[in-house]
Amino acid sequence: MVNPTMPTDPANPPYAQTTSLVRLVAAEAWDHLWPWSHHGFQRQRALQAAGMALALAATLVWVLAAMGQMQVGAVIGWWFGWSVFEVFVRLGSKPYVKDGPWWGRRYRVANAMDMVCYVGFKNLLIGATLFIALKSLGFLIIQG
Amino acid sequence: MKFLAALRNILLSVALTSTASLALADTYEAKLPDEINTAPELCKYAPCAEVLPGATSFSERKGQPRYVEGYAEEAGKKKLIGYVMLSTDITDTPAYSGKPVITLIGMDTGGRFVGVKILKHSEPILLLGIPESALTRFNQQYLGQFVGNNIEIGQSRPEENIIGLDAISGATVTVIAQNQVMMTSGTAVARQVGILKPTIREQAKFRETGAKPDWAALVQEGAVRRLIVKPEQVGLERGGEPFIELWFGYLNHPDLGRAILGEGAWRNLMARLHEGEHALFVIRSGGKESFKGSGFVRGGIYDRVQVRQGADSFTFRDLDAVNLYGIEAAGAPAYSESSIFIIRSKAFSGAYPWKFVFLGNRVDRATGARSFANFDVEYWLPDQYLEGGRPEVVKPDAPWVRVWKTRAVEIALFAALLVAVATVYAFREKLTRRATRKNKWPVNAFKYSAWVISIGFVGFGMLAQPSITQVLTWFHALLFHWQWELFLSDPFIFLFWIFIIVTVFVWGRGLFCGWLCPFGSLSELLYKVGGAVGLKRFQFQLPRRWHDRLKWVKYGVFFGLLAVSFFSMGLAEKLAEVEPFKTTFLVGLFNRSWPYTLFAAGLLGLSIFTERPFCKYLCPLGASLAMPSTFRWFGLKRKQECDSCKACAVGCGSQAIDEDGRIDHRECLHCLDCMVLYTDDHACPPLAQERKRRTKAGLPLTPIGPDGYYIPIKLVPVRADAAAKN
């Protein structure tokens, strides 16, 4: 039976039932930062291999950025490329998103658009924070 | 034949007018020669003659800040007829794009503006919609104006001696920045050449204490200040060492002069000064760049340092510099360059704040082009060194503050509207419970009022239509030059975006899109009016399968614009014409060429027959807000029976309820019709069924709970004592 109170079916991540608030927050933070899961890795080996290469490339880009060698197009291009990859990885590894208040515990199965929205928004926040931090510390000079 | 000729002429003129507006703007991101920023012969690279009519020859750049003199030939002799200045030689005030509008300005010897020419701008709003000629027309308002006049954007206020300039609708921030550029540039040159008399300030009356503070104490109390320029601030590689580190301070005060120079050196220095002359010291404790530069060798002017007090600038010639032989104050840093500079003007006063300015060049590391940049630090003699303390100084309001002050009433009304709509929506359940499927006025009265106010006051009145172009502009400003002042210069858009960001996270995009977006409101109002005047039988919804396909188009448009903006902001701005907002509200349906008018009018016309076609299928702004709406905190309520019941889905104008009764919060526009049904015991099938059952069984109809069902009747066992009484 479909549950119409949620946009998609309910999901139950491994940490959803924990009673410790600290553990829940830590697990969610880890979930936001680490898109892979053991289960997903087994299913997506080819994709993961390509992903690791992409992750290394993205890391290199950030190192270059920290050295002040990065141009706008490259930064945005890598951010975008990484985000697309992360969507695919998460759909295989952690295919759920939170529903309702961010402090709540309602999780639901993510469809492709949910995951695009989640990854896009999360990476925008992470990217903007990193970008502003690097720029204000003088590590990053953007050339138009 | 005459008919054919007339027809040909009409077609030709239509084609010309339409293509003219589609043509690329002339000076948008125009490529200027690199030398224009640095070459002594400015007029070899810039069309100086166009802004100083009658001039046949021009001097090299001179003065500080830089300008050139223009001459006419009269009886074989050169006669000075005016001055030409490049705005970026004087100020780097950025416009809405975060980049300056590079302007060539001509002024005659009487201080009247005689020519203005935009050489380069990066303003997206002037690409399409508002033609570049609007900025040219705006600039023409300066012609004939005296540089010393109080010129502001807005209405003239003769009682306050303020001359008003007509703004460009939809480009307020750009023209505010442009006014600042014009007046700052004109005033700076007019003061240098003596057209504007310097402000005479009351001289400082020093309070002597006899104290002899050391360096640390001088720095702590602000009697000695430091100016640091980092390499990255001038476009160089980031490094550990500063580009330049300078310390400076005022020497006329006996306590300070003695503490810094020592008794003998200070007395010698004071003996050299005449009345109204002032001395300050400068030392370089870091960096390799010389603050003296080489300009004083060539032209006798120190072109890297300057003092500014109010609108007056004080530059130093070779005769204004005296050797500094040593710093007496204990704990002073080691230094590798030093000088004492003398300000020879009664306009300067040690009692008032002033700025020490280091004038530099910023190098674009991508192109190697240099542009003007200055770095300053304010200095104000500490309280204890002045008789009666520091005088009261009223600093003029920043341009954005003036905008907020002059439009305070409208801003307050707008803020009240936003708060009122959010409050009404927060209490939506109280309204939906009062409404029924047949009488939705308890909700609609508020919603329709919001629409009407949004269209009239917000859209046509305040021109506060949020747009995807603002999102793109912010993104680029974040990358290049973020300035809060720029965004604060348009208070309505600024407040609107705060409202949008907050409400999208709390409730989703529907509150903005469904209740307050001026174009969305206009679109749905047309649909409602169409239905009310008898066109209901022609009104339709797209079949579900087509709706489910077409709703993705708007996300494609959004991502397309975002992708294009990474490569060309200008092209993205042009493509953003997919939003008919500019045509409808900012410029006006009848003020644009026909393709735009046809597009906007077509969408509005279609809105009469189908609900919000633009919002559902095309709007990139709606798409960009829909994505975070996935994670809104509080959605609309559903019951388990909604999985098979179609009552709400059938009436959902935004077609946001799927065949399983689930609401797609990305598509929902918060009309609240489904929430009205949720508690309507005559319209919601599970509720109606329960009502009938209870009525038939003679059971009471309890209130409807937050879960949308009648509060259950629970049978409680009768207590023994109560039973005994009976």
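How many residues has helix α24 of chain B, and what span does the helix reach from its first C-alpha to its last?

1. The model is predicted: local features need pLDDT of at least 70, side-chain atom pairs count only at pLDDT 80 or more, and totals for chains, interfaces and linings use all residues. Residues are numbered from 1 along each chain as its sequence is written, while chains are lettered from A and ligands numbered from 1 in the order in which they are written.

2. Helix α24 (residues 594-609) of chain B has 16 residues and reaches 22 Å, close to the 22 Å expected at 1.5 Å a residue. Helices (H or I, at least four residues) and strands (E, at least two) are DSSP runs, numbered from the N terminus; the expected span is 1.5 Å times one less than the number of residues.

3. The buried residues of α24(B) are B:Y596, B:A600, B:L603 and B:S607. They fall within an arc of 60° seen down the axis of α24(B), so they line one face of the helix. A residue is buried if 20 or more other C-beta atoms lie within 10 Å of its own, exposed if 12 or fewer, and partly exposed in between, with C-beta atoms placed from the backbone. The arc is that of the directions from the helix axis to the C-beta atoms. The cover over these residues includes α19 (518-535), α23 (581-587) and α25 (613-617) of chain B.

4. Helix α21 (residues 553-567) of chain B has 15 residues and reaches 21 Å from its first C-alpha to its last. Its buried residues are B:K554, B:V557, B:F558, B:L561 and B:S565. Because these fall within an arc of 95° seen down the axis of α21(B), they line one face of the helix. The exposed residues B:G556 and B:F567 are on the face turned away from the buried side of α21(B).

5. In chain B, 5 strands form an open sheet in the order β1-β2-β3-β4-β5, with antiparallel pairing. Its edge strands are β1 (57-58) and β5 (113-120) of chain B, each pairing on one side only. Two strands pair if DSSP finds at least two bridges between them; 2 bridges join β1(B) to β2 (residues 68-74) of chain B.

6. B:A72 is found in strand β2 of chain B. This residue counts as partly exposed because it has 16 C-beta neighbours inside 10 Å. The C-alpha atoms of B:A72 and B:R225 are separated by 46 Å, the two residues being 153 residues apart along the chain.

Notes. Two residues are in contact if their C-beta atoms, placed from the backbone, lie within 7 Å.
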